[in-house]
Amino acid sequence: MRLVFLGPPGAGKGTQSELLKRRLGVPQLSTGDMLRGAVRAASPVGLKAKAIMDAGQLVSDDVVIGIVAERIEEADAGQGFILDGFPRTVAQAEALEELLAERALRLDGVLELEVNEAALVSRIEKRVEETRAVGGVVRADDQPETLKARLDAYKVQTSPVSTYYDQRGLLYRVNGMLPIDTVTGSIEEQLAAMRAVHQQELR
Ligand code: AMP
């Protein structure tokens, strides 16, 4: 299956897409992880992206689309993938559609995790506390000011992506406010709904 996970920072995309990756046996492609890897490696992309990421803003569409175009060519993505953190702008969503169409492929669906903003802030604060408690390094972009910038970027630049997919009949919403297991169950139900649509199309 080829899926997109949509949802603001702290919505649980990482947790749920990790679980889903194991169940579906397809890789989870997180642009955030790929960019953090590039920053660690001090590659040209990483050098360009670091300051933007630290400020909680979005890296340019060209850079991110380039990374995803290369990644979906890799052998492990041949049977499908779960995109986590991409697309984050309508331009990225359009580029993804083109990349897939060039390969005669398309998305099966887009799962959107819905949560309210107050819950997001407290979840990320908890992630910061838990990381500190085990002596880990807190993500620079989880600091309160940066988090606010990330939430703003989501509202302004990424919310329209949800409308984009809704208009194409690809959007499947999940209430992300419930306990992790319940959310996982709702995702399973939405995947079943996606499969039913495809079976109808095949008839
Ligand atoms: P994430 O781990 O998904 O929260 O991403 C961390 C940061 O990486 C974001 O705040 C952005 O600065 C950058 N980033 C990740 N994915 C994208 C994307 N699709 N478009 C632009 N910037 C991105």
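A cavity here is a set of points, on a 1 Å grid over the protein atoms alone, where a 1.4 Å probe fits but cannot get out. Grid points are joined across faces, edges and corners, and a volume is the space filled by probe spheres set on the points. This is a predicted model, in which local features need pLDDT of at least 70 and side-chain atom pairs count only at pLDDT 80 or more, while totals for chains, interfaces and linings use all residues. Residues are numbered from 1 along each chain as its sequence is written, and side-chain values use heavy atoms, with hydrogens and water left out.

**Stop 1: the cavity.** How many cavities of 30 Å³ or more does a search of the whole structure find? The search finds 1, and the largest cavity holds about 50 Å³ of space. Select Phe5, Leu6, Gly7, Lys13, Gly85, Phe86, Pro87, Arg88, Tyr154 and Thr158 to show its lining; lining residues have an atom within 4 Å of a point. Strand S1 and helix H7 (144–167) each contribute at least two residues to this lining. Helices (H or I, at least four residues) and strands (E, at least two) are DSSP runs, numbered from the N terminus.

**Stop 2: strand S1.** Next, select residues 2–6, which make up S1. Are they buried or exposed? Of the 5 residues in S1, 5 are buried, meaning under 20% relative accessible area with a 1.4 Å probe, protein chains only. Arg2, Val4 and Leu6 point one way from the strand, and Leu3 and Phe5 point the other way.

**Stop 3: the neighbours.** Arg2 stands opposite Phe81, and Phe5 faces Asp84. Now turn to S4, which pairs with S1 in the parallel sense, also over 4 bridges. There Phe5 has Leu111 opposite.

**Stop 4: the whole sheet.** Show the 5 strands together: they form an open sheet in the order S2-S3-S1-S4-S5, with parallel pairing. Two strands pair if DSSP finds at least two bridges between them. S2 (28–30) and S5 (171–175) stand at the edges with a single partner strand each, so one side of each has no neighbour in the sheet.

**Stop 5: helix H1.** Finally, select residues 13–24, helix H1, which packs on the sheet and touches S1, S2, S3 and S4 (109–114). Contact means heavy atoms within 4.5 Å. The direction of H1 makes about 165° with that of S1; axes are lines fitted to C-alpha atoms, for helices over the stretch in contact, and angles run from 0 to 180 degrees between N-to-C directions.

Definitions and conventions
Buried means under 20% relative accessible area, exposed over 50%, partly exposed in between (1.4 Å probe, protein chains only). On a 1 Å grid over the protein atoms alone, a cavity is a set of points where a 1.4 Å probe fits but cannot get out, and a pocket is an open set with protein on both sides within 12 Å along at least five of seven lines; lining residues have an atom within 4 Å of a point.
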